[in-house]
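The sequence and structure are shown first.

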Amino acid sequence: MRVLLTGFSGYLGGVFSRHLSEMPEVDHVTGIDIVEPVHPLPPHTEFTVMDIRSDQLGRLVAQHDVVVHTAFVLTWLASLPQAERDDINERGIRNVARAGRDTGVGKLVHISSVAAYDITAARGATRVTEDAPIGRGDTASYYLNGKALEERALNDVLRGSDVTVTLLRPTFVTGPLDPTTAPVFRAHAALPLGPEPTWQFVHEDDVAAAVELALRVDLPGAYNLVPDDAVTAREALHLLGVKRVPRVPMALAKAVTYLRWRWLGDRMHPSWLPVVNASVTFDNTRLKAAGWTPRYTSAGALRSAAGAPPPALHR
């Protein structure tokens, strides 16, 4: 099996490349990204500098059996124009999907997110399943919009094709290789006034295990990729080493976050605040029925991100 991995130089690209190289079913991995990876190349893995919007992508996809798509502008820096951000996310995935369709690739595994759901409608809900509607891409959050529009684009391009499309919808992904979650949550360790939100965190190795499963067996459709449990926001911040968690008005939190993002190079845009405070939890029954079992709890994933060894639930 030959696998093409987009977003290779990013966090998940580094996690997945290591896991894919250890799969006996995988003969070769080709990673693409617009920047060189800082992580070393695993065995039988090569890297090519390529934008997912490139008109040369089809030639490369044609040499592979599976595409694992992770490329996405997750943390938006103020130096990146909004139009460029959206073009990367939206035109990029359409280009990947068309390349897969036109070259007859067998599978496309897309790393989506639980953010693809209509979070406004789901606010406060527990154990949301894959039957819940996805968003329309019309919220104030670029992240919610981007993830919903990605899934809609895949459906538009690949509906009726022979490509097996797997939509993996993880919650917050973290672990020992995660460069973002712990420092960002620590830097923004304040909660808006009101009900305390509940969060889920899935360990990077559990996400990689779901990708491995999707390569070994056909998993058409969408699958929530979440642990069995959830933690309160205060519990999560304490696990990351935060001792004091002040409560502030949402308007103040947005104003401070905007100033830090716009002028100080912070990676958290203020449109993330309503997302992380939506307090929605998701159900993993469908993915578990397909053969996936989470090894880590939300707390275990956070401990590993904070530097403490997380206890594995299963060996």
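His39 counts as buried because its relative accessibility is 18%, where buried means under 20% relative accessible area, exposed over 50% and partly exposed in between (1.4 Å probe, protein chains only). The model is predicted: local features need pLDDT of at least 70, side-chain atom pairs count only at pLDDT 80 or more, and totals for chains, interfaces and linings use all residues. Residues are numbered from 1 along each chain as its sequence is written, and side-chain values use heavy atoms, with hydrogens and water left out.

His39 is placed in the loop between β2 (28–33) and β3 (45–49); helices (H or I, at least four residues) and strands (E, at least two) are DSSP runs, numbered from the N terminus. The C-alpha atoms of His39 and Gly14 are separated by 6.5 Å, although these residues are 25 apart along the chain.

Trp263, by contrast, is exposed and belongs to helix α9 (residues 250–264). The two accessibility values are listed below.

| Residue | Relative accessible area | Class |
|---|---|---|
| His39 | 18% | buried |
| Trp263 | 60% | exposed |

How many cavities of 30 Å³ or more does a search of the whole structure find? The search finds 1. A cavity is a set of points on a 1 Å grid over the protein atoms alone where a 1.4 Å probe fits but cannot get out, and lining residues have an atom within 4 Å of a point. Among the 13 lining residues of the largest cavity, His188, Ala190, Trp199, Met268 and Val276 are the closest to its centre. Elements α6 (181–187), β8 (191–192) and α10 (272–276) each give two or more residues to this lining.

How values were computed:
On a 1 Å grid over the protein atoms alone, a cavity is a set of points where a 1.4 Å probe fits but cannot get out, and a pocket is an open set with protein on both sides within 12 Å along at least five of seven lines; lining residues have an atom within 4 Å of a point. Grid points are joined across faces, edges and corners, and a volume is the space filled by probe spheres set on the points.
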